[in-house]
Amino acid sequence: MFNVTREQIDSARPINPLPYDVVALVLQGGGALGAYQAGVYEGLHEAGIRPNWLAGISIGALNAAIIAGSPEDERVARLREFWETICATPVEWPAGEGLAGALPFAFDFNSLHNTLAAMRALFQGQPGFFRPRFPSPLWSPFSGDASTSFYDTAPLQRTLEQLVDFDRLNSGEVRVSVGAVNVRTGNLTYFDTAERRLGPKHFMASGALPPGFPAVEIDSEHYWDGGVVSNTPLSRVLSGDGKDTLTFQIDLWSARGRVPHDMMEVSSRQKDIQYSSRTRAVTDQALRMQEMRQALQRTIDRLPDAARNDPEMRAIAELARHRSHNIIHLIYQSKLHEGHSKDYEFGPKAMRAHWQSGRDDIRRTLADGRRLEPPPSELGIVTHDIHRRD
């Protein structure tokens, strides 16, 4: 079980005031790896940091729903209940470390644990999350979801309805944005509490990865997992209302990695690249926009007072106003025993290890208080990445 007690959670530091209008938590998609994000949130919570904007894709959207739809002092406990529920197994694998030490040959029990968890998820589904369809959609005589997806996600809807207070989620206390892809148009759409009321279907749509999960119908349109188009909603936050923003971006796939040595590593590396975020491209674009705003402001400063007081010019000046963006970027680091199935290895042991990794990484990040400081005015945007090596 987790080694953090409820008393430790309740004794989290008071809310930490930060010099930003918005504190955003950006959560990437990545299936079972999403427990890493829950660990990160626990570390933020114990540090007194309370995000007021949650943006998620796929499993990141589900984590966002649990956080925003829970009372502040119950968020970590609800996240734990969610992950313990969807990673539950009928029978725990017998003690691995002691048995491994007794064997006369080396044996990778971590890899075996994960492989069995992945196989179980494929053939049995996961409680509170999804269950396999019978008959298989490949031989189904029916149309609709039964013939277009391998799993039924009705259990997930019940889990969300049980753990998420959707009145609280839509109260405006925390803004929530989740991305999904319109199956008909192929366009990425964001469901946002700043624009509409969100319910279980919106979060299920964000995580409806084909062909495993069925498309979700909302307002006569059908939606798939947002990761089909873009797996990280960072651009949604950076293109917000022009407010000074501190963003914690929590990624589950790393764009960086070694050259594969066998076909299994090829499959794993392909997933990493396909679903990793394009943070540098997004931040480069934000930097260019900042430079344009600065140039526009210098031009406005040269205008006579009468011109600067013109209503249209005042509107332009507001667009050119300085914005600060501080992005703290954490990326889950895959373990050597994890393979291409790491995103559907829902075993409790792997889940708890992911959670612990997230908590350790955010604690290490926050240990350097300078990372929370706004960027210099001449830059306007800065990115901190504890895992980047260049």
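## Exercises on a predicted model

Strand β11 (residues 381-385) is mostly covered, with four of its five residues buried. The structure is a predicted model. Work through each task, then check the solution.

### Exercise 1: A strand and its partner

Find how β10 and β11 run, and how many bridges join them.

Solution. 
- Step 1. Locate strand β10 at residues 325-331.
- Step 2. Count the bridges to β11: there are five.
- Step 3. Read the direction: β10 and β11 run parallel.
- Step 4. Take one pair as an example. His325 has Ile381 in β11 as its bridge partner.

### Exercise 2: The annotated site

Which residues does UniProt list for "active site", and how far apart do they lie in space?

Solution. 
- Step 1. Go to the record. The unreviewed UniProt entry lists Ser58 and Asp225 under "active site".
- Step 2. Compare sequence with space. The two are spread over 168 residues of sequence, yet they cluster, with a largest C-alpha distance of 5.9 Å.
- Step 3. Look for a pocket. Both Ser58 and Asp225 belong to the lining of the second largest pocket.
- Step 4. Place each residue in the fold. Ser58 sits in the loop between β2 (53-57) and α3 (59-68). Asp225 is part of strand β8 (residues 221-225).
- Step 5. Check for contact. Leaving out residues up to four places away in sequence, Ser58 touches Gly29, Ser206, Gly207 and Asp225. On that basis, the contacts of Asp225 include Ser58, Val181 and Leu209.

### Exercise 3: Buried or exposed?

Classify Ser58, Asp225 and Ser220 as buried or exposed.

Solution. 
- Step 1. Recall the cut-offs: buried is under 20% relative accessible area, and exposed is over 50%.
- Step 2. Ser58 has 11% relative accessibility, so Ser58 is buried.
- Step 3. Asp225 has a relative accessible area of 2%, so Asp225 is buried.
- Step 4. Ser220 has a relative accessible area of 63%, so Ser220 is exposed. Ser220 lies in the loop between β7 and β8.
- Step 5. Now turn to the backbone. Phi is near 60° in Ser58, a positive value in a residue other than glycine. Ser220 also has a positive phi, near 70°.

### Exercise 4: Pocket and cavity

Describe the second largest pocket by volume and lining.

Solution. 
- Step 1. The second largest pocket has a volume of about 600 Å³.
- Step 2. Its lining has 27 residues; Leu209, Gly212, Phe213, Asp343 and Tyr344 lie nearest the centre. Elements giving two or more residues to this lining are α3, α6 (109-124) and α12 (263-275).
- Step 3. Sort the pocket lining by class: 16 nonpolar, eight polar and three charged.
- Step 4. Turn to cavities. The structure holds one of 30 Å³ or more.

### Exercise 5: Cis peptide bonds

Solution. 
- Step 1. The bond from Phe134 to Pro135 is cis, with omega near 0°. Pro135 lies in the loop between β3 (131-132) and α7 (145-148).
- Step 2. Pro210 and Pro211 are joined by a cis bond with omega about -5°. Pro211 lies in the loop between α10 (200-206) and β7 (216-218).

Methods. Residues are numbered from 1 along each chain as its sequence is written. This is a predicted model: local features need pLDDT of at least 70, side-chain atom pairs count only at pLDDT 80 or more; totals for chains, interfaces and linings use all residues. Side-chain values use heavy atoms; hydrogens and water are left out. UniProt positions are given in the numbering used here, feature names are shortened, and annotations may be inferred rather than shown by experiment. On a 1 Å grid over the protein atoms alone, a cavity is a set of points where a 1.4 Å probe fits but cannot get out, and a pocket is an open set with protein on both sides within 12 Å along at least five of seven lines; lining residues have an atom within 4 Å of a point. Buried means under 20% relative accessible area, exposed over 50%, partly exposed in between (1.4 Å probe, protein chains only). Contact means heavy atoms within 4.5 Å. Grid points are joined across faces, edges and corners, and a volume is the space filled by probe spheres set on the points. Ala, Val, Leu, Ile, Met, Phe, Trp, Tyr, Cys and Pro count as nonpolar, Asp, Glu, Lys and Arg as charged, and the others, Gly among them, as polar. Two strands pair if DSSP finds at least two bridges between them.
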